[in-house]
Each structure stands twice: as C-alpha cells, then as structure tokens.
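Biologist: I am new to this structure and would like a close look at a single part of it. Please take me through that part step by step.

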Amino acid sequence: MTDPATPSAQPPSVVRLDLPDAPGLVHRDVAANGARFHIAELGDGPLVLLLHGFPQFWWTWRHQLTALADAGFRAVAMDLRGVGGSDRTPRGYDPANLALDITGVVRSLGEPDAALVGHDLGGYLAWTAAAMRPKLVRRLAVSSIPHPRRWRSSMLADARQTAAQSHIWGFQRPWIPERQLTADDGAMVARLITEWSGPQPPDEKTLETYRRAMCIPSTAHCSIEPYRWMVRSLARPDGIQFNRRMKRPVRVPTLHLHGSLDPVVRTRSAAGSGQYVEAPYRWRLFDGLGHFPHEEDPVTFSTELINWLKDPEPDR
C-alpha cells in the first residue's frame, strides 16, 4: 500500500470510465477544501451533485447521470476524498470536513447551490452539508441512511441495528480491514455488495469494476477512515460536538429513499429521520429492494428522484 499521505496520481482507467449511453460525459478534476476531486459530469441545467457510498465510487450513479441529464439537469457525480480519482490525504475524514469537500465542489463548479443526492456514506455527508451549509443546498435526497443523530442513537440503543452494521465495528481494527478489502483482488467488496443487495444482485462485470476500484493503492484505507471516526468519536469531545451541531434542523425540501429489504440499515432506523427536517419531507420505501436501490432498480429510483426534483411544491 502506498503512503496515504501522498496525493493520488492520475486516476487509472478503472476510474475514468465511459458510459455507452452518455457520449457527452466529461471527466475532470476540481479543487475544493484543500484537495483535488474527480468528477464525472453530464448535461446542462440546475446542478444535481451525486455522492456515492461504501464500497463504491462515482460510477454507482451511472444510470442517474444519464436520466438526470435527459431530464434537463446538470448531473455531476464526484468521488469522495480518498476514493476513485480524488486525492488520498493523510487526514480530513471526519464528516464535518467531508461535508465541506462537497460544498466546496459546488462552489468550484461555479454554482450558487445544488441538489444533493447521497447514498449510504454519501447520504450521511449530504445530511451534514445541508445542516452546516444550508445556503449551498437547494434540495436534499438521501438513500439507505438515517440522519446522523438518528444513526448515532440507533447504533447505541438498537441491538439489531448494531448487528446489521457489524462491518463498521470490524473497521475499528488497525490495518486488518484494509488487507481484507483488497485480498484476492477485492473479493470482499463483491461479497458485501452481493449480500447487501436485494433478490437481484449486480452481475459479475459490475462487481469486478468495484473490486478493481477498491484495489487502487490507499483506497481501502481512506474508504474506512470515516467509519473509524464515526465510532471512535462517539464518546470524544469532537464527536459530541458534531452530534450537537447536527441538532440544527434541515430546512430544505428532503426526499428520503429506502429499500424494504435493506440488511444494512433497518427501515425502522431510517424512518425516524423526518424529525430533523423542518421543511417538506417525503419518505419513499421501495418494496423488494436492498441497500442499493439506485442500482437494483434504476428506472424506478430515477423516476422518483426526477419527479421530486421537478415538483415545485414537494409534499410533506
């Protein structure tokens, strides 16, 4: 493994992938919050910034990029800090700083604000950005993740939720998780995605793409650093302070999407997040889908998202 303090070199071909249905897709780098971030961009119109989760990278939004562009939006999927084609930095993986990465990218793209769409960790950071920098967030859509305060309370008080996210507790060990994620060419990545999906998991070609991306030097380490912070800070002053900051309600229209068969985040845990939103809040449960609804049923997911984005008065 290369030194995680060294910024990533030019992203390998596994990151800058083409989309067969999107000949106009553009890959480029933008500077924000002291680092360099790789983005994939398609379309013109109001900005929609797509934020991936673990163990994925920007490519997880390939279906939504084309759907959003066709619907008249400027769709941008970014690689989070330490993942894909973005910089691997030695520190900065706490959610407050990662949220500043996101809002910094919005500014670097020359936009006054953006609709944030986040899945898993990306959703956690989208919640955070909406609370910390509300003027830069036009709308918020999150999938497969509760509000940070709801996540914290569920992990501490709900034994079933704690067990469902046992991988996060396993990440607290030094170096062993990194070795496990990259062993056998990323076989663990394929296993996790398959186990967390619904009845129709991704095909081998899709899994191979995620396996290769995780095996880029330092990616495994950087991918799990946010989860280490989330657990280790539970009783630390910085974690307690962050939890207090998240008391600030979200005041932008919010769409909360979840798969009914999600084995990682229980529906009960996610559904309690509306209490932190003082704006129109829409909850949608996708029957028969797992932890990756945007990939498991991209048409249904994209249709729900686009209809909500175009709705001038989203319902509560």
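Which strands and helices do the buried residues of helix 1 pack against?

Modeller: First, the ground rules. This is a predicted model, in which local features need pLDDT of at least 70 and side-chain atom pairs count only at pLDDT 80 or more, while totals for chains, interfaces and linings use all residues. Residues are numbered from 1 along each chain as its sequence is written, and side-chain values use heavy atoms, with hydrogens and water left out.

The buried residues of helix 1 pack against strand 2 (35-42), strand 3 (47-51), strand 4 (74-78), helix 9, helix 13 (293-296) and helix 14. Helices (H or I, at least four residues) and strands (E, at least two) are DSSP runs, numbered from the N terminus. Contact means heavy atoms within 4.5 Å.

The buried residues in question are Arg-62, Gln-64, Leu-65, Thr-66, Ala-67, Leu-68 and Ala-69. Because 7 of the 9 residues of helix 1 are buried, this helix is largely enclosed by the rest of the structure. Buried means under 20% relative accessible area, exposed over 50%, and partly exposed in between (1.4 Å probe, protein chains only).

Take helix 14 among these partners. The axes of helix 1 (residues 62-70) and helix 14 (residues 298-310) come within 10 Å and cross at roughly 40 degrees. Axes are lines fitted to C-alpha atoms, for helices over the stretch in contact, and angles run from 0 to 180 degrees between N-to-C directions. The two helices are therefore oblique to each other; angles under 35 degrees count as roughly parallel, over 145 as roughly antiparallel, 65 to 115 as roughly perpendicular and the rest as oblique.

On the helix 1 side, the contact is made by His-63, Gln-64, Ala-67 and Leu-68, and on the helix 14 side by Pro-298, Phe-301, Ser-302, Leu-305, Ile-306 and Leu-309. By class, these residues divide into 7 nonpolar, 3 polar and no charged. Here Ala, Val, Leu, Ile, Met, Phe, Trp, Tyr, Cys and Pro count as nonpolar, Asp, Glu, Lys and Arg as charged, and the others, Gly among them, as polar.

The chain on either side of helix 1 has its own features. Pro-55 lies in the loop between strand 3 and helix 1, and the peptide bond from Phe-54 to Pro-55 is cis, with omega near 0 degrees. Just after helix 1, Gly-72 takes a positive phi of about 95 degrees.

Leu-65, one of the buried residues of helix 1, is also touched by Trp-58. Other residues that Trp-58 touches include Val-15, His-38, His-52 and Met-78. Trp-58 and Leu-49 have the most contacts inside the largest nonpolar core, which has 104 residues. Helix 3 (residues 121-132) gives the most to this core, with 9 residues. A nonpolar core is a set of buried Ala, Val, Leu, Ile, Met, Phe, Trp, Tyr and Cys residues joined through side-chain atoms within 4.5 Å.

His-119, in strand 5 (residues 114-119), counts as buried at 0% relative accessibility. Among the residues that His-119 touches are Leu-51, His-52, Gln-56, Trp-61 and His-294.

Conventions. Lists of a residue's contacts leave out its neighbours within four places in sequence.
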